[in-house]
Amino acid sequence: MVLIRSRWLLLSAAFLSAGAEIIITPEPAQPAEGDNVTLAVQGLSGELLAYNWYAGPTLSLSYLVASYIVSTGDETPGPAHTGREAVRPDGGLDIQGALPGHSGTYILQTLNRQFQTEVGYGHMQVYEILAQPVVMANRTALVERRDTLHLTCSSPSPAEVRWFFNGDTLPIAVRLGLSPDGRVLTRHGVRREEAGAYQCEVWNPVSVSRSEPVNLTVYFGPERVAILQDSTARTGCTIRVDFNTSLTLWCVSRSCPEPEYVWAFNGRALRNDQDHLNISGMTAAQEGTYTCIAKNPKTLLSGSASVVVKLSAAAVVMTIVPVPTRPVEGQDVTLTVQGYPKDLLVYAWYRGPASEPNRLLSQLPSGNWIAGPAHTGREVGFPNCSLLVQKLNLTDAGRYTLKTVTLQGKTETLEVELQVAVLGGECWSMTAGHPR
């Protein structure tokens, strides 16, 4: 046996058959790491004496896995034997628990009784079970059109790579940013539509493994800043509101993240940092231009929108409200006028009916104060038509009449009954003539 093996190794390179048709195929065809694999042989002919298996590209002794004597079944391991290989009597080679390192070219050399040799070549690829890859990002929050995104699929295996965006295959527009090996995704001037969850997947014919998602945020805006009233865009227009009604203005925009808000009234900042502004009890003093400024703290951009709020012409109703409503003797009271005409020319207060001139308290034409016959020295008029009566006494109780005249000559007369409470709790009205 020793003589046959010695002569076999010496003659192996000298008597190669030119017409070798030996075919070597792995079973299974695409083995996975840990599989038991057989390199099956087809095309053997004649009565064979021995086999040599090589794991390498040439018939070099350093690549010799094992030699096998057919008649005795003796097998001699070679330098390339890993402890997992065994030669079969039919010439095949069994590999127990194949590893990726077993991948490569295999050569079977046969020896017949005429001491002629034939060789067959085969290739086997053992695919590893892939570990989960990891997506690494240069940053996960970027500013639109300003920042560059770099995503790297990190995997110890030289496997194929594919990318997923929000669970679906990466869109073609984004795939254009892939490196030649598919492992690096680069996006210059990232866009808002590219925000979302990114994953990479490594795969080979026997194994697939996908990474955990990396969520990307893209900051943008604010854009299309608008002011809404009742869900209707009101930017750049006039809103007319009924007198003494309430109004809520909403500031909206397209922005990520939600912007910070600043409100202004006629150019003066208001103490309001919310996305809405409440206007309660609409009066003439609240007419004007309301502006919302939206500021994005991430993009450092801002935008604004404005509306003009006015009282509805048909809805302006002038009223007089005593403040306090039930004044006590010795207190001051203001007959507060709400909804006075904006085009006021002159107004006059009367202590009683306006038809009696001697009851004139005061009037204010174009800002000038004129005291009337009924003025006691304790009455003060204001530009908004309101009247202050100081240090009330019981004789101040009764009817007060306001008469207004507009620039268009429209006259309006309004009365109010003032009650004065005695310190003991009774109320007096001079119109009634007795306590009540």
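Which residues touch the most other members of the largest nonpolar core? Select Leu-249, Tyr-290 and Val-309: of the 22 residues in that core, they touch the most other members. A nonpolar core here is a set of buried Ala, Val, Leu, Ile, Met, Phe, Trp, Tyr and Cys residues joined through side-chain atoms within 4.5 Å, and buried means under 20% relative accessible area, exposed over 50%, partly exposed in between, with a 1.4 Å probe and protein chains only.

Before going on: this is a predicted model, where local features need pLDDT of at least 70 and side-chain atom pairs count only at pLDDT 80 or more, while totals for chains, interfaces and linings use all residues. Residues are numbered from 1 along each chain as its sequence is written, and side-chain values use heavy atoms, leaving out hydrogens and water.

Stay with the core and colour strand S26 (302-311), which gives the most to it, with four residues. Strands are DSSP runs of E, at least two residues long, numbered from the N terminus. Now click Leu-249 and show its contacts (heavy atoms within 4.5 Å): among them are Ile-227, Trp-263, Tyr-290 and Val-309. For a second, separate core of 20 residues, pick Leu-142, Leu-149, Val-161 and Trp-163, which are included in that core.

Next, the sheets. S26 also sits in an open sheet of five strands, ordered S20-S26-S25-S22-S23, with mixed pairing. Two strands pair if DSSP finds at least two bridges between them. At the edges are S20 (238-241) and S23 (268-269), each pairing on one side only. Zoom in on S22 (residues 260-265), which pairs with S23 in the antiparallel sense over two bridges; there, Phe-265 stands opposite Arg-268.

Then move to the nine-stranded open sheet, S5-S4-S3-S8-S9-S1-S2-S7-S6, where the pairing is mixed as well. Its edge strands are S5 (74-77) and S6 (85-87). Inside it, S3 (residues 48-55) and S8 (residues 104-112) run antiparallel over seven bridges, and Ala-50 has Leu-111 as its bridge partner in S8.

While you're on S3, show Tyr-51 along with Tyr-68 in S4 (residues 64-69).

Last stop: Arg-210 lies over the face of Phe-164, at 3.6 Å from the ring centre.

Conventions: Lys NZ or Arg CZ within 6 Å of the ring centre and 35° of its normal. Lists of a residue's contacts leave out its neighbours within four places in sequence.
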